[in-house]
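Please walk through this structure with me, one selection at a time. At each stop, tell me what to select and what is there.

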Amino acid sequence: MSNQTRLFILVFLAFLPTVALFVHADRSLNEAAIESHEAEMLRLANRAGRDYRQILQDTESLLGALSETTEFRAPSAQCNRTLSAIMGHMNHYTAIQLIEPDGFVTCGSLAIDQSLFVGDRYYHRAAMASGEFTVGEFVVGRLTSKPIVGLAHPVEVAGETRGVLAAYLDLDELANRIYSTDVPEGASLTVIDRRGKVMIRVPAGVSASAADTIGAYVPESFPQPTGETQNAYMLDGVDVDGVMKHFAVQPLEAGGQRASGHLLIGMTEGSMLASTEVVGTRRLQLLAVGALFMFVLAWMFGHYTLLRDRPKGA
């Protein structure tokens, strides 16, 4: 084996630790990028949960105050105009209605041409039965055809429930409020009810107004929410578009110890690592250039030094 060959082997062995350090640093950079994106997704999901709970509290206060007024204890023709005026300041509702104990709408912020029955809705039945503020199921509104959550407060007169005031939370507006903030690029947003039906769906790279798959049930491979009812947590699973993703899951509570649905923000690992891949590619290019430079130096040293110093006739 010639001295020049030995020199090349020595340079190669000396370069191996550099390669090992590069691989370790690249893996650490990817892990840090994933952890950073997951922390951001959890922060955003937790904020969505806080916004949702705040809306529920504000709605309970609003409906409770309205239920104490004479106008809604003994409704008149003014009822429609009053609720329409209130709706002008409440863009996160689709409608507010006063409902009779039998389930027919007495008046509301939206005009109706004929009698409208909502007595089969959970929020009405639960408010009438419990005499307390109630958060309903995720449903599609009969007047607006939009995904909503019914929020109901009983109207009591002399200890007797005379009806229910209901406000309908606009889930499209909730999605828009989340997407108007710093949602990670490439993320998808899905809201499902407790049965796994899709109520809101914003595919990655599409605005909240371009929702799809509404009303479909999520596949079995979709991440299955746990029994947590307050804080966001991470799960992995296959999204409704068939792509494997990391998900931040935020329970949307309905009061008590149950969640009426879940909000999920999903991202693929590729999207999470998009920025680090650019950095990693540049570092790999620099490493390759460095390796080439070292081997060229080794060849030049061997050719012009070792061969020149070789004894004649050797």
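How many nonpolar, polar and charged residues does the lining of the largest cavity have? By class, this lining has 8 nonpolar, 4 polar and 2 charged residues, where Ala, Val, Leu, Ile, Met, Phe, Trp, Tyr, Cys and Pro count as nonpolar, Asp, Glu, Lys and Arg as charged, and the others, Gly among them, as polar.

Before selecting anything, note that this is a predicted model in which local features need pLDDT of at least 70 and side-chain atom pairs count only at pLDDT 80 or more, while totals for chains, interfaces and linings use all residues. Residues are numbered from 1 along each chain as its sequence is written, and side-chain values use heavy atoms, with hydrogens and water left out.

**Stop 1: the largest cavity.** Select Gly141, Arg142, Leu143, Ile148 and Tyr168, the closest to the centre of the largest cavity among its 14 lining residues. A cavity is a set of points on a 1 Å grid over the protein atoms alone where a 1.4 Å probe fits but cannot get out, and lining residues have an atom within 4 Å of a point. The space in this cavity is about 130 Å³, the volume being that filled by probe spheres set on the points, which are joined across faces, edges and corners. Strand E1 gives the most to the lining, with 3 residues.

**Stop 2: the largest nonpolar core.** Next select Tyr52, Ile96, Phe138, Val149, Ile178 and Val191, which have the most contacts inside the largest nonpolar core, a set of 49 residues. Such a core consists of buried Ala, Val, Leu, Ile, Met, Phe, Trp, Tyr and Cys residues joined through side-chain atoms within 4.5 Å; buried means under 20% relative accessible area, exposed over 50%, and partly exposed in between (1.4 Å probe, protein chains only). Helix H1 (residues 3-67) gives this core 12 residues, the most of any element.

**Stop 3: helix H4.** Move to residues 122-130, where Tyr123, His124, Ala126 and Ala127 are buried. Helices (H or I, at least four residues) and strands (E, at least two) are DSSP runs, numbered from the N terminus. The buried residues of H4 pack against strands E1 (93-99), E3 (134-140), E4 (147-157) and E5 (160-170). Just after H4, Gly131 has a positive phi of about 70°.

**Stop 4: two loops.** Select Ser145, in the loop between E3 and E4. Its phi is positive, about 60°, although Ser145 is not a glycine. Ser145 is exposed, at 57% relative accessible area. Finish at Ala158, in the loop between E4 and E5, which is exposed at 82% relative accessibility.

Definitions and conventions
Contact means heavy atoms within 4.5 Å. On a 1 Å grid over the protein atoms alone, a cavity is a set of points where a 1.4 Å probe fits but cannot get out, and a pocket is an open set with protein on both sides within 12 Å along at least five of seven lines; lining residues have an atom within 4 Å of a point.
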